[in-house]
Amino acid sequence: GPPGAAGDVEVVVQATNAAGLTTTHAASVTLPDVAPNTAAFTEEKLAVPHGFLLPHATDFDGDGLLEITLNRYEDGWLGDTLATYEWAGNGFRRASALIANVFPRDTGDSDGDGLRELLTQVGGATLVLEQAAPAAYPSAVAFLDTTGLANPFDPAATFGARLTDLDGDGRGEILVHNTRQWRLLEHDGNGFVEVARLENPTGVAPSELTENEYQEPEALIDDFDGDGRLDLLVGDSDGDWILYENDGNDTYRVAWTFETDRYNAGSRFARGDFDGDGRPEFVTFTQNWTQVTRDGEREPDAGLVFVWENAGEDTYTLRHRFVLAGTPLSRHGTFHTADFDGDGRDELVTVHAPDLYVLALDGAVPRLVFHRGTAAPGDGLRSMEVVPADFDGDGRPELVAAGADERLHRFIPAAPGTGIPPVWVDAYALDASRVRLVWHAPGADSVTVYAAPLGGVLDPVGTTRGTAWTDTTASPRDYALRAWQQGTASPLSPVRRVRPHPPAVVAAVSYPGPATVELAFTEPLAADLRPEQFRLDGGAMPAALLPGREGRTVLLRFDATPPTPDTLRWEGVRDAEGTPVGQTAAAVAFPAPAHGTLIVAAFEVLDAARVALVFSEALDPAYAADPANYRLRPAGRVAEALFDAATPERVTLRVEGRVLGATGLATSVEVLRMRSATGNTLAPEGRAVRLTVAAEDLAGVYVFPNPYEEGRHPPRVMVAGLPPEATVRILSVQGGFIRRLEETDGDGGVAWDLTDDGGRPVPSGIYLIRVEAPGRAPVLRKAAVVR
């Protein structure tokens, strides 16, 4: 749709299989408003280390200055110091520190003695710290249960989540789970005793999971249906939500459930009054299966956000559902809410590492208010919780989140009445004497356009009520925009620089090979070109695209030599400065292939045991389907060769005795004999294909053999499924450092020789494998060593 479009659209997907059968699926999709206000928040880096944050501010010492509490990240994970930092007027200063290897979860006064408590948790253990005096920071142990450290599945395990009084009887409770049930431990005047266990009524749906568990100790508590009784909302590992309601003293019932076919429904929750009606809505989240499925498939990397509102007693309707796309589906993500603009309606904050989004949910579709992305690897956010609070006392909440740069970041909302500048949509040259500017300015009465010679002073050149402007100039200029609303001017937008120049056209066409064509343009092209932007009138689309000569050439490779002559067309192509190219088609005439030029043009690893080879032209079926014509190196064999006449240039090989893909083990297939349907034979340079490739992300990281058994396996454990650059840290289950490995050769894996950093063999046990890669959220795997 056009820039800034939002609302319901109809999406039609048509798929055709190898046999030529076609199916069509249509669906209605809601497009959110995706024009964020870049000046809605200003950001400052704090002199506070990043870490796992308590999700709300505190004032333990009662001096009116708000505090944040965190456990500092160490080696990318939980550290050994629990610290509190207090607002000091222009930043935070450390006010308290305690050696404790725990996550801060909640605060309260569960024993009713007037002293504030801090609930913390690590694994299946829970620790409650209490103030020693009313103005002190919590340090005295009020409750400790470590049963779940030895066995997190123990029925007595305590994954601590909240301090509450869920049944409203005046006796405080600790809400915990044991991976199978939620438990309420109530203070009876002398200590904490279990008063309720809440079963999961949803069971296990057919999926990648064989057991249904609770994972993160996350829970939401509020009176969502307005009946005066508190509700408890939780989610399980196979994508279901359960809402329990208090029915009296220590008595609870299942009031509502919603089951999905996705995963990790208990990782993110939020509640807020998004429409300003005085009643809370709640937000839930699920994600895809991040590993390869049992069927050898990968689900799209995306999280689904659900926004629910009450429609009567124990009844909830779905108000919004939208996607958070991307691969970093890790623990370093969260939801929270706050009314940042003071309009009486909460906004939803989500960290979906490495991005931060602020969304308004008061309309028919979600509206993106603010987006903080990444400019470079390591520049993003990785925050398991965020803290919205009015630290500086100006009446508006700020937001504190953890950054990947080892510091906390504070986001300060724009002051009321300052206005929000327009958001750039486009700025490009139409030709050598005209420039086109396009923007999005929701709510603005008009927009003033400013221009200046390069490096000069900006001056207004015009005002319009529209969303676009054409400027006449033969020289490069800087441009900025200012919005006006009821006489109030916004700050200037960021500056965009535009150089007037003629649109790019094709200067030359050449043919480096029988199925390749190279287009040379008069201007460098944008770096984000894709093969699907180009197509021959005969229907063929290039299989690969390679830019060259500093962006001035585009090399297109087709799977087979297309019939000639033909016309090559392209759409959506722009030059490196954003100007649409001035030519969108060129006549092409591919040269006839010479005898002996049959090559393996491409390959695709389908799963751990199958690879598809794509040749430069259609194959002779007798040659293609003979497994003896292929050899796997250095080990294994080709057990089957599958040829389909519907795709005659393609053959699928099933191998045995070797795992394919991002394994870290060099593997290649050599084509010993092959002939095309027209009689062409193999070219010498096109016979062998290296099948070991790097992964695109960290979603498919795995360890093999697992468990490692001495005497049965070679003396090493492979960490596989790695991108071209990755760091692997071997840790003990207590988090102690053992070994660091680096993946740099692009073969998708590294070998651990089962020794520590000093070269000493490690003993039998369970080890944590932490994998990091530039621009991606870390992942954690486990490996077992049996000596």
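**Salt bridges and an open sheet**

Asp314 counts as buried because its relative accessibility is 15%, a value under the 20% cut-off for that class. The structure is a predicted model, and in it Asp314 forms a salt bridge with Arg253, whose closest N and O atoms lie 2.8 Å apart. This pair links distant parts of the chain, with Asp314 in the loop between β22 and β23 and Arg253 in strand β19 (residues 251–259), 61 residues apart.

**Salt bridges**

- Arg253, the partner of Asp314, has 28% relative accessibility and therefore counts as partly exposed.
- Glu313 forms a salt bridge with Arg229 at a closest N to O distance of 3.5 Å, and this pair, 84 residues apart, joins the loop between β22 (302–310) and β23 (316–325) to the loop between β16 (220–222) and β17 (231–235).
- Glu313 counts as partly exposed because its relative accessibility is 42%, and Arg229 counts as partly exposed at 29%.
- Arg410 in strand β30 (residues 407–413) and Glu398 in strand β29 (residues 398–402) are 12 residues apart; they form a salt bridge with closest N and O atoms 3.0 Å apart, and both residues are buried.
- Through shared partners, salt bridges join Asp227, Arg229, Glu245, Asp247, Arg253, Glu313 and Asp314 into one network, while the count for the model comes to 53 salt bridges.

**The four-stranded sheet**

- An open sheet of four strands runs in the order β8-β9-β10-β11 with antiparallel pairing; its edge strands, β8 (103–108) and β11 (140–146), each pair on one side only, and the twist averages 20° from one strand to the next.
- Strand β10 (residues 124–130) pairs with β11 in the antiparallel sense over five bridges, and Glu130 stands opposite Ala140 in β11.

How values were computed
Residues numbered from 1 in each chain as written. Predicted model: local features only at pLDDT ≥ 70, side-chain atom pairs only at ≥ 80, totals over all residues. Heavy atoms only, no water. Pairing = 2+ DSSP bridges. Helix = DSSP H or I, 4+ residues; strand = E, 2+ residues; numbered from the N terminus. Axes fitted to C-alpha atoms, helices over the stretch in contact; angles between N-to-C directions. Salt bridge = Lys/Arg side-chain N within 4 Å of Asp/Glu carboxyl O. Buried < 20%, exposed > 50% of the residue type's maximum accessible area, 1.4 Å probe, protein only.
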